[in-house]
Amino acid sequence: MKSNSLLNIALVGNPNTGKTSLFNQLTGLNQKVGNYPGITVDKKQGKCKISEHLTAEITDLPGTYSINPTTLDETIVLETLLNESNDSYPDLVIVVAEVENLKRNLFLFSQIKDLQFPSILVINMSDQMIRKGITIDIEALKRELKSEIILISARKNLGIDALKREIENYENWNTEPIANISEKIDTVFFETIKTAFPEFSLYKSWLLITQQKNCAFLSSELYQKITAFNPDSEKVKKYQHKETIYRYQIINEILKKTYSVDKNEATDLRSRLDKILTHKIYGYIIFFGILMLIFQSIFEWASLPMDLIDSLFANLSELAKTNLPKGTFTNLIAEGVIPGIGGIVIFIPQIAILFLFIATLEETGYMSRVVFLMDKIMRKFGMSGKSIIPLISGTACAIPAIMASRNISDWKERLITILVIPFTTCSARLPVYAILIALIIPDERIFGIFNMQGLTLMGLYLLGFAAAISSAILLHNVLKIKTQSLFVIEMPNYKLPSLKNVFFEVVEKTKAFVFGAGKIILALSIILWFLASNGSEKFKNATEFVTTQESANHLNDEVLNKKIASYKLEHSYIGVMGKVIEPVIKPMGYDWKIGIALISSFAAREVFIGALATIYNVGSDGEDVGTIKERMAAEVDPITGEKRFNFATGMSLLLFYAFAMQCIGTLAIVKRETKSWKWPILQLTGMGALAYIVSVITYTILS
Amino acid sequence: MGDTIANLKIGEIGIIQDFCLDAIPLNLLEMGCLPGKEVRLLQIAPLKDPLYIKVNGSHLAIRIETAKQINITKLR
């Protein structure tokens, strides 16, 4: 037994088998999310104490029906199991199956067995066997599969200890293969493979040959050896089909002896729910009802904690200023770091609420019905029913949304989905929207029910979706990519969502945001603070210059200090940058201060608010630190004396933020997912041009 | 002769005969859609596509262009 290092366990299984529930039971809060080297798929790992002396590192691999991948997510499974030099190469494999779909689950199990890993079959949801009228002769099944089998119920925490005890004994497990592919398909052909690769199991060599294009990890030496083995593709395809049919034959024979279902006991809850949820009228009503509920909740539930966070960080800044010794370091803390962190924390309520809904809907099995309902419609726009989940996730953050598009197998559908996701209203736009709406739209009700501010927000969401759909149609007609549809989705059974799984999902997604996008936001806030509090000669001599200039006016100290502060800001580095772009943004109705915020929010939209806060904070010499909103409302145009954030400027800004591609994180992820700079550059320029034109038109009409 | 999954009405059952290997994704086979297996049409999506079928114990949704490639004999 390995004593000095961790035992590596891979968790493999079909989607919807409760694999994640088992992972959560085994690892609890000892989870971390890493990246697979070279690619950005999340790698979920966690530590689990197997016994007194044995700890395991468990890797939760993406759900898959087969080792032969059809999507990028599934490629991970292949790579982890074939690449012996990867960190998570398993010492043993746990295959999670579900009691009701045992046949299809055994298909995957037979592939794992044939790779000759020490592997164990875990049959989940065993507590539902009686209700579903299923009986399994476990002892006979163990003999037939030459494997250990454990019955568990991950949700009810049954059988987990038995599984751990069995794992302790993993070195004694039988690693004989189940299927004899050589004899059943083409003995001569497979014998030549065996001779060429004596170091691997036959099935592994076969996979390396058939999946070359998905095996980027191969050493050049091995790669040459494999490509030398170049059977024609027709033959490979034929043999893969034969192999599939043969595996099911074996499984059918085994299950005939060991598995039975009493149909009378089975309930028809699925078909009754399906009739309603995929109905041609009710189905859509329910789906749009749920969408409305989600968006309402994001706005209603999140606004209170967001206001609290906003004022909390304003108070913290003030507290730091009054209590710490005066100096550059204190200014950095109070004007750079604290507002920077506040700018990250403020998103947590919205992201958490959105993923609470998405995780719940995925858990129940409802999402597959949405895919079914929407596929035909989405195809008219060049996307797939599977694009719905990324597009909804995009309302939280485009980064996880673009990653969620990995399970779309058709490249054109996936590319279009990725390209239009940044139009959906992500939560980084929400604080910008929220504050601008609060400034320019009256807090009144129309017809006594609809809140005007809420309606405006709703309108901006719809505008985002409309922009996504229109650009998808455009791309669908412009992009000439020929593809073959591999669309097959499983319609899983309906389940009550597990609170634990939903909770872990929400925590994971929120953490990914805070530590991913959050870093950029914090760093930029500090850079901005630096640029705003330093400058050239004029900046350094500000106090002297303004005092001399105003000496005839006999101003009191307070007014004089304000004048000095605003002179300083104007001649700080960032002030100069803002002035440089002022002519370009003037047609949209912005001044150089908004220009500064605009420059900084090209890194990430949410920085807009933080930047304005920093700018007005520096500009107000710190005497009247109110909330960001109060500071923005007080800002006036020095020439006209009008409020800076009037209706025309506000609308122009709202629309600019609705359309422009202002997020470095998204651009980086699009580059990685599409493996080309072409697509992110297209997004940046296309969306930027659209935003500029629309804003100029809006401002010209309204002012 | 000439029936495919696309010709089934809701609730009808057929036996899969054969299909053109090039037109059918391997993953559909791997999910249990194999010659000789019973296939039942459970639902059709509102715009007539995709189809929701039960085959060999699996509940799947496939697009109509895939369904048209799978030859069956209807069971009466």
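Reader: At what angle do helix 3 of chain A and helix 11 of chain A pack?

Author: Helix 3 (residues 102-114) and helix 11 (residues 233-258) of chain A pack at about 125 degrees, and their axes are 10 Å apart. An axis is a line fitted to C-alpha atoms, for helices over the stretch in contact, and angles run from 0 to 180 degrees between N-to-C directions. Helices (H or I, at least four residues) and strands (E, at least two) are DSSP runs, numbered from the N terminus. Keep in mind that this is a predicted model: local features need pLDDT of at least 70, side-chain atom pairs count only at pLDDT 80 or more, and totals for chains, interfaces and linings use all residues. Residues are numbered from 1 along each chain as its sequence is written, while chains are lettered from A and ligands numbered from 1 in the order in which they are written.

Reader: Why are helix 3 and helix 11 of chain A called oblique to each other?

Author: Angles under 35 degrees count as roughly parallel, over 145 as roughly antiparallel, 65 to 115 as roughly perpendicular, and the rest as oblique. About 125 degrees falls in the rest, so helix 3 and helix 11 of chain A are oblique.

Reader: Which residues of helix 3 of chain A meet helix 11 of chain A?

Author: Leu102(A), Lys103(A), Leu106(A), Phe107(A) and Ser110(A) do, and they meet Arg247(A), Tyr248(A), Ile250(A), Ile251(A) and Leu255(A) in helix 11 of chain A. Being in contact requires C-beta atoms, placed from the backbone, to lie within 7 Å. The residues of this contact divide into seven nonpolar, one polar and two charged. Here Ala, Val, Leu, Ile, Met, Phe, Trp, Tyr, Cys and Pro count as nonpolar, Asp, Glu, Lys and Arg as charged, and the others, Gly among them, as polar.

Reader: What makes helix 30 and helix 32 of chain A roughly antiparallel?

Author: Helix 30 (residues 647-659) and helix 32 (residues 678-702) of chain A pack at about 165 degrees, with axes 8 Å apart. That angle is over 145, so helix 30 of chain A is roughly antiparallel to helix 32 of chain A. Among the residues making the contact are Phe656(A) of helix 30 and Leu690(A) of helix 32. By class, this contact has 12 nonpolar, four polar and no charged residues.

Reader: How do you know that strand 12 of chain A and strand 4 of chain B pair?

Author: Two strands pair if DSSP finds at least two bridges between them. Strand 12 of chain A and strand 4 (residues 58-62) of chain B have three, in the antiparallel sense, so they pass that cut-off. In strand 4 of chain B, Ala61(B) is the bridge partner of Ile489(A).

Reader: Which sheet has the order 12(A)-4(B)-3(B)-2(B)-1(B)-5(B)?

Author: An open sheet of six strands, with antiparallel pairing. Strand 12 (488-490) of chain A and strand 5 (70-75) of chain B are the edge strands, as each pairs on one side only. From one strand to the next, the twist averages 40 degrees. Strand 1 (residues 13-19) of chain B pairs with strand 5 of chain B over six bridges, and Ile16(B) has Ile72(B) as its bridge partner there.

Reader: How many residues of chain A are in contact with chain B?

Author: 31 residues of chain A are in contact with 27 of chain B. Helix 11 of chain A gives the largest share of chain A's side, seven residues.

Notes:
Two residues are in contact if their C-beta atoms, placed from the backbone, lie within 7 Å.
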